[in-house]
Amino acid sequence: MTVHLKNSPALVRQISAAETYPIRSRVLRPGKPLQECIFEGDESTSTLHFGAYIDDKLVGVASYMENSNPMFDATSQYQLRGMAVLPEFQKKKLGELLLLEGEKNLREKRSSILLWFNARETATDFYKRYDYSTKGEAFMIPNVCMHVVMFKEL
Ligand SMILES: CC(C)(COP(=O)(O)OP(=O)(O)OC[C@H]1O[C@@H](n2cnc3c(N)ncnc32)[C@H](O)[C@@H]1OP(=O)(O)O)[C@@H](O)C(=O)NCCC(=O)NCCS
């Protein structure tokens with residue numbers, strides 16, 4: 001399914017795992033081997049990958065993977081991973097588009113689902129705008145940066 005952003009040339013659609021790697025690499029793991037951009041669960045049939053396009057150029061990605069975190073009791077859990085928008089396309093509502101489209105697809109899959117993720121501390125205020133809460137203490141993902149768990153019941 002392709003979704004257009006109102007008053008914008010941007011659109012979002014489902015993509016393959018491999019299509020996410022160049023943007024994950026540039027935004028989230030710059031200078032690191034591409035191997036570090038391949039996540040466990042990328043190829044699972046339950047995983048959803050979305051890409052945001054402007055003028056046919058892929059400029060943002062986000063992936064939603066069925067994965068339970070023992071911090072939560074919910075039986076049905078998904079993890080958001082690899083949320084990334086190219087620097088020159090940030091603050092154009094593409095992150096919002098990738099997040100809301102993921103939420104919508106997960107709600108369509110199941111009636112009740114808990115979406116959680118390890119948020120970069122620098123991005124927590126972005127997620128708070130969409131009613132995500134933090135849980136627990138911040139922690140370091142080695143060679144990356146400080147993170148904190150965030151979640152929302154969809
Ligand atoms: C975080 C990220 C995905 C947000 O995507 P984006 O396309 O830039 O964000 P949007 O334009 O959709 O932002 C929506 C709103 O949140 C705000 N916002 C965006 N990033 C923010 C941040 N890091 N902190 C606080 N507010 C932020 C925007 O200003 C915008 O506000 P507005 O509605 O008042 O204009 C993107 O900036 C990014 O890829 N950052 C680097 C990698 C990263 O941190 N990824 C998240 C890993 S958990």
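## Close-up views of a predicted model

**View 1. Gly51 and the residues it touches.** Not counting residues up to four places away in sequence, Gly51 touches Leu11, Val12, Arg13, Ile15, Leu58, Gly60 and Leu98. The model shown here is predicted. Gly51 sits in strand S3, which covers residues 48-54. Is Gly51 buried or exposed? Gly51 counts as buried, because its relative accessibility is 0% and buried means under 20%. Now find Leu97. Along the chain, Gly51 and Leu97 are 46 residues apart.

**View 2. Ser76 in a loop.** Find the loop between strand S4 (57-66) and strand S5; Ser76 is there. Ser76 has a relative accessible area of 12%, so it is buried. Which residue's side chain makes a polar contact of 2.6 Å with the side chain of Ser76? The partner is Arg110. Arg110 is also one of the residues in contact with Ser76 once neighbours within four places in sequence are left aside.

**View 3. His147 in strand S8.** Strand S8 runs over residues 145-153 and holds His147. With a relative accessibility of 5%, His147 counts as buried. Its side chain reaches the backbone oxygen of Cys145 at 2.8 Å. What else does His147 touch, not counting residues up to four places away in sequence? The list has Asn118, Ala119, Arg120 and Glu121. It also has Ala138, Phe139 and Ile141.

**View 4. The largest pocket.** About 910 Å³ of space lies in this pocket. Its lining has 31 residues. Closest to the centre are Met83, Ala84, Ala123, Phe126 and Tyr127. Which element gives the largest share of the lining? Strand S5 does, with 7 residues. Strand S5 spans residues 77-85. At least two lining residues each also come from helix H1 (17-28), helix H2 (94-109), strand S6 (114-120) and helix H3 (124-128). By type, the lining has 16 nonpolar, 7 polar and 8 charged residues.

**View 5. The annotated span.** UniProt lists residues 10-154 as "domain: N-acetyltransferase", in an unreviewed entry. In the model, this span is 23% helix and 39% strand. How far apart are the end C-alpha atoms of residues 10-154? They lie 25 Å apart.

Key:
Residues numbered from 1 in each chain as written. Predicted model: local features only at pLDDT ≥ 70, side-chain atom pairs only at ≥ 80, totals over all residues. Heavy atoms only, no water. UniProt positions renumbered as here; feature names shortened; annotations may be inferred. Helix = DSSP H or I, 4+ residues; strand = E, 2+ residues; numbered from the N terminus. 1 Å grid on protein atoms, 1.4 Å probe; cavity = no way out; pocket = protein on both sides within 12 Å on 5 of 7 lines; lining within 4 Å. Points joined across faces, edges and corners; volume = space filled by probe spheres on them. Nonpolar A, V, L, I, M, F, W, Y, C, P; charged D, E, K, R; others polar. Buried < 20%, exposed > 50% of the residue type's maximum accessible area, 1.4 Å probe, protein only. Polar contact = N/O pair within 3.5 Å; in protein donor to acceptor, adjacent residues only side chain to side chain. Contact = heavy atoms within 4.5 Å.
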